[in-house]
Amino acid sequence: MTSAPFPNRPRVDALDKVLGATKYAADYALPNLLYAMQVPATIAKGRVTALSIDAAMRVAGVVKVLTAGDFPPPPAAQQGAPPPPATITRDIAYRGQPVALVVAETLEAAIQGAEAIRPTYAADATFTATIDGKGAVRQPVQPTVGGNATTAMVQAVTRHSAEYVSPAQHHNPMEMLSTTAVWEGGVLTVYEGTQGSNAVKGALMRNLRLTSEQVVVKSPQVGGGFGQKGGAQRHTALVARAAMLLGRPVKLVVPRGQIFHNASFRPKNRHRIEIGADAAGKMIAVRYDADQQQSREGQFPPNYHETPPMMYGIPDYHGTAANIRIDTQAPGYMRAPTPHPSSFAFDSAVDELAVKLGVDPVAFRLRHRATRDPIDDKPFSSCFLHECLSEGARRFGWKGRPLAPGAMVRPDGTQVGWGVGCGAYPANVHPNIATLRVGADGTTRFAAAGHEMGQGIRSTIEQILVRDLAIDPARLEIAIGDTSVAPQHVTAGSWGTASVVPAAEQAAAKLKAAIAELLAGRSPGGNLHRQLAAVRRPFVQVEVTTVGPGQGDKDVARLRQGGMAVSGPEYPAFTSFSYIAHFVEVHVEPHTRRIRVPRVVSIADCGRVVSPRTAESQVRGGVVWGISACLREATEVDPRFGGWLNNDLADYVVAVNADIGEIDVGFIDRPDMQFNSLGAKGLGEVAMTGCAAAIANAVFHATGTRLREMPFRIEDLL
Amino acid sequence: MDGGERSGDDSSTITRRTALGGTAGLAAAVLIDAGAAVSAAPAPPPGATLLIKPIVNGRVTPVTIDPRTSLLDLLRELLGLTGAKKGCDHGQCGACTVHIDGRRVASCLTLAAKTDGRAVTTIEGLADGDGLHPMQQAFIDHDALQCGYCTPGQIMAAVACIREGKATSRASIREAMSGNICRCGAYVGIVDAIADVAGKGRRV
Amino acid sequence: MRPFTYVRPDSAQAAIEAFAAAGPGARYIAGGTSLYDLMKLDIERPEHLIDVTAIRGLDGIETDGDRLRFEALAPMSAVAINRVVLRDYPVLAESLAKAASQQLRNMATVGGNLLQRTRCLYFRNGAGGVSAGMTYPCNKREPGSGCAAIGGLDRGQAVLGQSRSCTAVSPGDWPVALVALDAYVEILGRQGTRSLPVADLYRLPGGTPHLEFALTPGEIITAIVVPKAAAGRQSTYHKIRDRESYAFALASAAVALDMAGDTVRQARIALGGVATRPWRAVAAEAQLAGKQLTRETAIIAGRAALTGAKAGDHNGFKIELAARTVADALMIAAQRKPA
């Protein structure tokens, strides 16, 4: 099998987006719509002892207040599935937890009604809001081991060890969480921007005791997800319940401050790393202890050893990890969830070791080629990290970079530094069930599992279909993110493209075969639509089921049930990762010490690039995330109160346009034909990994100061 | 029970009958076309006491509002113009950017009451006729968007950026566009798109 | 948000009468970028809003004669691009251009901006509205309730002018530039007109941080007047933030220099982002008078500007940052062409 490069075509949904015509969840106009607003708990832990709805009900326009008594008790535990989010409970586990839902004829009345509710609480003052607080409970998980790092470390001639810290951060997609619920004819239809429409559906079924036939979740366009919209949200069942009790559609747009408190976030995490090198200056051993902030019941795993062992072919690796349980809402997956902070820590440590050895950091990395996964002892299906490094160094103009820090100073005293940082991300995949229908009327419809949150998944599907089929692209409908069109899998973890494009390719092949059979040797000419019209066939439809390497019927069954059915990055015969190398230039002001990033070059190995234009944008976006995470973002907790203090977009500082300079993106674009028929791996998350390390390494090169805790703020270099 | 599902717990059982109990006489919930032109005043919602007549995308649009209503909520919830987006509701993100009398504003922090008699232009009214505004085309050409949620606000701000004479350099564009957060990180494409339109010297 | 009545009178006199007629709970609203925001946070709870933006003839910009006069309703964005302001008083233009975003500068007025309330996180997030479920003690919001910022996450808090009751920073940029230039405001009330130095518009928090402005209920700021000064051309507003744009100051400096060659005849220096009100740095000005301006004298003046500064737990860096910001501002201003 081969896979030729793809042409650079416009994003398939760009036209609607520039017209403002794209419908996001809160954009659907429904008759008789009611508006909802949640009432957030104002204590960090404890219990609601009394809640009067009288004041709210007196507000003109308020029609109902839902409280704990309006919800079924929590559903029975289901084996293998995490419990759905709680609804409204009297027990308060974190600040901002909803204690009531006010429903009104207008948004203004719903807000006023919500503000009128002031419950009485029995506050539990013993809560623990930070990981170093009394009451934090440390729980180690299974270590990650390859070879024997303890023995190998003894052999090391040069060692570097240090601790690195990454703060709590919130995703803040521009589209706020929202739900519009319609209960009609015994069927609940929910419009919600989510990366996991089936996960939302499953949670609704369990929380509200509904059957699969009774729930449809529609998420055709997501206004950014970044992992925060990967699972069921707590508010969804509240809104759905209100719609069912009132028999009218209900809409809730969750205020951003409530999102900070109820949705997931990247937990604070810490990394103690020791790397040893032999006499030849090659890294031979790693000891790495990581831990992270965790909620009391949270399940987000501290997978900080996912990528560091896959980078440089270091044979002996010993990694430990632990959760530190405190009183907060559950943390979760945020873009490059663990690989971003671990690559910041690990690739900073690698850089520090190179400095210690007096070796150019690119040359140092090029001494180490990863060919095997040392943890599972399998070959990589492909790894072009060296090619990323070489191409990036060439484009950036790395040659001639002075080795010593602080050597590049402009006449005004601005310090200039160049840094490199590398990252990796697992290549995962899930099964897909796709239907493809081509009509004599000129229409084509492809339906499968997938969610569009800006990464360009529709554009990748379109690329395959217009490459393989003579169809009218203007009348191609790509139906994804809707539980009524196909079983939906969570779209996250950079597995979207690799899980859907093979399905599109196989469906196209099957459809071509079906039409060839139909034509039985005739060649009526024209595109497929005309050919169907010529033989008076209104349409042809095919269905295909695809699986990833090593997957089978069990995985397909899990997909059909709406569960997680992801494999990777370890497969029966190989291990698969995507790779990237970032080259960053920083400027540090002489006196007030602002750090600026005027240019970045990033070269990615994501296998075959299916949609060059959207892929390039995705990498640029990942770099913006890297800059923003490294230099700007942190969500802060006052341990006396719990909750998140800077819970809006003025005080949770994300990068604005003026923070971003030029970003040059390149791809190796070599297909990984072991991984799938197109050779496409994942891209969205690897784009961000290693970028923060490149910035840290550049800041060191500019100033001689090593920063090991993100975000790097002005006070860190004063 | 036509189709109602029973769980083991009676108190939580939902059936079509019970859940539909309150719906008798209500019209079926059908999606209506949110983009339909507004000619007659929409029915005033409860609490609406203030009649205003903004000129929205060139049409006088009488509407009775609750004085608390923001321009953004007026556009989205009463007039069905959902192009402008709510990203923060506090003037911190720019997703709600529209023009009032030709100047860009944050519609979430604008009392709708203030727009009485004033010209409000939204993304839906930006282009002349059915074609694309040059800035819309440039956003497509430079892939100056990803999820698209901030895009209407970005484009309204981008047009204003050129009209204000601020598209003179990439640095100046970046500064002038910093009131519009793009969390997907399409900033480079946005600057490219604006520089492209400005470079062609066309009136926007 | 609580319901309110809304009127839009077309003259200042009518607005004042409407305010008086409405009684307690009345508030003027101009651009609304601060007040409406705080209403959404359930911090401001007006019962009657008197929208002053329809008042005719109150948005002029006069630059003739011996003063600049900006009527209160002139949008911040309009003053920021006024040709005379740009040429002769870059400190004013820059203080406006570096505030908020163009969208907000188009909405906000130069008069209303003087009355912007603090961005202290404990003040803004703590009213228990629907946004986040926070209820922090705050003497500014609820007199006598205490100050959560003291002993808390105080990275953004003031190092100058704070009291045991309040450490909230005065958030403005424009007022800092005006204070440096000895501007005053014209005020209209039921008793007639009066004028007040901008510096005196702001009260120190002391034991009454809820009393922020030296205005009596019902008074309207009608204009801002800046006496013309030779120092205007060699001036700048230098603002250091947590990001390059669209953020409040960690530290800022408004500087205007009257120079004789390399020697400072008179320097005007005011600080933003570090104090509980726009902070005129008199000691720094005295330090520089008659001296040659060099990097060394500039940083000495910068340190003098922070005389008496007192850090909390996390904001000590602001003292050094502000000193360097003043020094950088002095050097930038000195490079500009004199009149």
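User: What pattern does chain B follow when read along the sequence, and what makes a run of residues a helix or a strand here?

Analyst: Chain B reads α-β-β-β-β-α-β-β-β-α-α-α-α along its sequence. Each helix in that pattern is a DSSP run of H or I with at least four residues, each strand is a run of E with at least two, and numbering starts from the N terminus. By this rule chain B holds 6 helices and 7 strands. The model is predicted: local features need pLDDT of at least 70, side-chain atom pairs count only at pLDDT 80 or more, and totals for chains, interfaces and linings use all residues. Residues are numbered from 1 along each chain as its sequence is written, while chains are lettered from A and ligands numbered from 1 in the order in which they are written.

User: Why is H4(B) called largely enclosed by the rest of the structure?

Analyst: A residue is buried if 20 or more other C-beta atoms, placed from the backbone, lie within 10 Å of its own, exposed if 12 or fewer do, and partly exposed in between. In H4(B), 12 of the 13 residues are buried, so the helix is largely enclosed. Among them are B:Pro152, B:Ile155, B:Met156 and B:Cys161. Over chain B, 55% of the 204 residues count as buried.

User: What makes a residue of chain C part of the contact with chain B, and how many residues take part?

Analyst: Two residues are in contact if their C-beta atoms, placed from the backbone, lie within 7 Å. The contact takes 19 residues from chain C and 22 residues from chain B. Helix H2 (35-40) and helix H6 (102-107) of chain C each supply at least two residues of the chain C side, and H6(C) gives its largest share, 5 residues.

User: How are domain 1 and domain 2 of chain C defined, and what separates their centres?

Analyst: Their bounds come from an automatic or database domain assignment, which gives domain 1 as 5-54 and domain 2 as 234-335. Their centres, taken over C-alpha atoms, are separated by 36 Å.
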